[in-house]
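I opened my notebook to look around a structure that was new to me. These are my entries, in the order I made them.

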Amino acid sequence: MTSARPSHRRSLAHREVPLPRYDARAEPTRERPAAPAPQTAKRREKPEPSRASTQGLDAFTFFVANLQTGFGPFVAVHFTAHQWTQADIGLVLTVGGLFSLLGQVPGGAFVDWVRSKRLVAALSVIIIGASAAGLGIWPTFLIAALSMAAHSLASCTLTPAIAAISLGLAGHSRLGERLGRNARFSSIGNALAAAGMGACGYYLSNAAVFYVTAALVVPTLVALWFIRADEIDVVRPQARDGAVPPSGWASLKLLLTNRALLCFAACILLFYIANAAMLPLVGSVLTMRTSQTATVLIAACIMAPQIVMALIAPAVGRAAQTYGRRPLLILGFAALPLRGVLFAFTQEPEVLVLIQVLDGISAAVIGVMVPLVVADATRGTGRFNLALGAIGTGMGIGAAISTTLSGYMADHLGTHAAFLGLAAVAALALVALVLVMPETRRARGA
């Protein structure tokens with residue numbers, strides 16, 4: 001008896017030796033903080049959206065472009081037909097421009113804050129349609145001013161809502177290709193709407209343009225309904241290490257100190273200072289040289305870039321995913337100074353139209369790269385649309401400076417010098433892009 005007990009205890013002790021080692025190895029696997037890593041990896045490998053959502057977003061961007069075309073030059077034509085003075089027309093357009101400029105950042109912040117991006121898009125479309133109906137039915141100064149202000153504010157939320165839906169559907173890995181599709185269908189919508197609404201204004205009445213715009217709200221909302229809400233991932237703030245990133249003013253500080261975002265904003269500002277006034281200058285030159293065919297040639301100058309943009313925008317998005325953002329940005333920025341120099345030394349009106357094709361290259365690059373680079377720079381901050389609104393504000397400021405600068409140069413130095421001056425600003429934008437703009441595309445899996 002006494003000899004058996006020690007033997008039994010020794011066997012138990014022998015069996016219990018590996019148990020502490022097993023428990024020590026097993027404990028780390030029970031810790032919950034290690035879980036976010038595989039979840040983050042799964043989130044990056046987002047499944048492709050359904051065909052219904054993809055085609056619904058295609059149709060939505062197409063019809064939104066139709067809606068926005070109704071608020072282009074047709075507004076001034078409509079007011080002129082009702083015996084408005086040029087001062088009143090200019091004041092109403094200025095009201096719309098100011099609200100558009102001041103509403104970019106708040107509109108982007110609002111889209112970031114609201115969970116349902118589809119709801120924001122739907123409300124924006126309804127407000128734009130109501131604004132168009134107001135312009136057509138009651139062309140008084142008060143209603144026109146309110147309609148233009150409402151349209152501008154709704155556009156400040158509609159544009160970032162489309163970008164947010166695109167990001168939520170495609171994810172960061174396929175965002176470039178999705179933005180390329182958006183740019184293609186938007187350019188097609190712009191071109192077809194300009195032709196169709198021009199025909200409505202010619203054969204029916206100027207007010208018919210706004211009635212058609214209001215009616216387009218219905219197919220636009222139908223297209224939005226086909227985008228499945230459960231496939232739109234809500235982009236929440238998340239740091240790369242799984243920790244919760246700063247919010248509120250702290251996250252805003254991160255944006256204000258983001259080198260890539262600040263460099264891109266400066267380059268885009270210079271680009272729009274050089275670009276916005278080129279087509280109006282071309283219109284002035286065409287009117288002076290060929291007054292009889294100036295309208296047709298200007299229409300061709302507008303249509304040519306839209307066609308080029310529709311053809312190459314998806315390829316630009318795919319190339320950005322493969323080769324990075326910088327090479328495509330350099331291509332788009334380089335086309336602008338070349339265009340300005342060619343305009344300065346060209347006399348033939350038909351050649352001016354051919355040169356305008358370069359604008360299609362720049363438009364395709366900028367249309368795809370602006371939301372794509374902003375998405376890269378703000379990844380994990382939850383401030384994508386706010387930053388996009390800030391970039392949009394810079395575009396508006398640059399466009400305002402461009403028209404004033406070009407008008408001064410054309411009046412005092414001539415259109416030849418004005419084109420060269422804009423080309424010099426475009427060259428400065430290109431140099432700044434090459435020297436200071438970093439590559440924002442992350443490596444796969446990062």
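Predicted model: local features only at pLDDT ≥ 70, side-chain atom pairs only at ≥ 80, totals over all residues.

**Entry 1: a word to settle first.**

**Entry 2: a buried pair.** With that cut-off in hand, I looked up Arg339 and Asp359, and both residues are buried. Arg339 and Asp359 also form a salt bridge, with their closest N and O atoms 3.4 Å apart. I noted that this pair links distant parts of the chain: Arg339 belongs to helix 17 and Asp359 to helix 19, 20 residues apart.

**Entry 3: the whole protein.** I then stepped back for an overview. How many helices and strands are there? I found 21 helices and zero strands. Of the 446 residues, 45% are buried. I looked at contacts with a separation of 6 or more, and 84% of them are between residues 24 or more positions apart. The protein exposes about 22,300 Å², and carbon and sulfur atoms supply 67% of that area.

**Entry 4: another pair joining helices 17 and 19.** I went on to Asp376 and Arg325, whose side chains meet in a salt bridge at 2.6 Å, N to O. Asp376 sits in helix 19 (residues 357–377) and Arg325 in helix 17 (residues 325–344), so I had another link between distant parts of the chain, 51 residues apart. Asp376 and Arg325 are both buried.

**Entry 5: Ser362.** I stayed with helix 19, where Ser362 has its place. Is Ser362 buried or exposed? Ser362 is buried, because its relative accessible area is 1%. Leaving aside neighbours within four places in sequence, I listed its contacts: Ser362 touches Phe271, Gly332, Ala335 and Leu336.

**Entry 6: salt bridges elsewhere.** My search of the whole structure gave six salt bridges. One of them joins Arg178 and Asp58, with the closest N and O atoms 2.5 Å apart. Arg178 is in helix 10 (residues 175–203) and Asp58 is in helix 4 (residues 51–69), 120 residues apart, and the pair links distant parts of the chain. Arg178 counts as buried because its relative accessibility is 7%. Asp58 counts as buried too, because its relative accessibility is 4%. I also wrote down that Asp58, Arg178 and Arg181 are linked in a network of salt bridges.

**Entry 7: out to the surface.** Next I looked for a nonpolar patch. Which residues form one on the surface? I found Val218, Val222, Trp225 and Phe226, with about 440 Å² of accessible area together. I picked out Trp225, which lies in helix 12 (residues 217–225). Trp225 is exposed because its relative accessible area is 62%, and the cut-off for exposed is over 50%.

**Entry 8: cysteines.** My last look was for disulfides. A disulfide is a covalent bond between the sulfur atoms of two cysteines. How many disulfides does the structure hold? I counted zero. Cys156 counts as buried because its relative accessibility is 3%. Cys200 is buried as well, because its relative accessible area is 19%, and the cut-off is under 20%.

How values were computed:
Residues numbered from 1 in each chain as written. Heavy atoms only, no water. Helix = DSSP H or I, 4+ residues; strand = E, 2+ residues; numbered from the N terminus. Buried < 20%, exposed > 50% of the residue type's maximum accessible area, 1.4 Å probe, protein only. Contact = heavy atoms within 4.5 Å. Areas by Shrake-Rupley, 256 points an atom, 1.4 Å probe, with all protein chains shown as cover. Salt bridge = Lys/Arg side-chain N within 4 Å of Asp/Glu carboxyl O. Patch = residues over 30% accessible without salt bridge, like charges linked within 9 Å, V, L, I, M, F, W, Y side chains within 5 Å. Disulfide = S-S within 2.5 Å.
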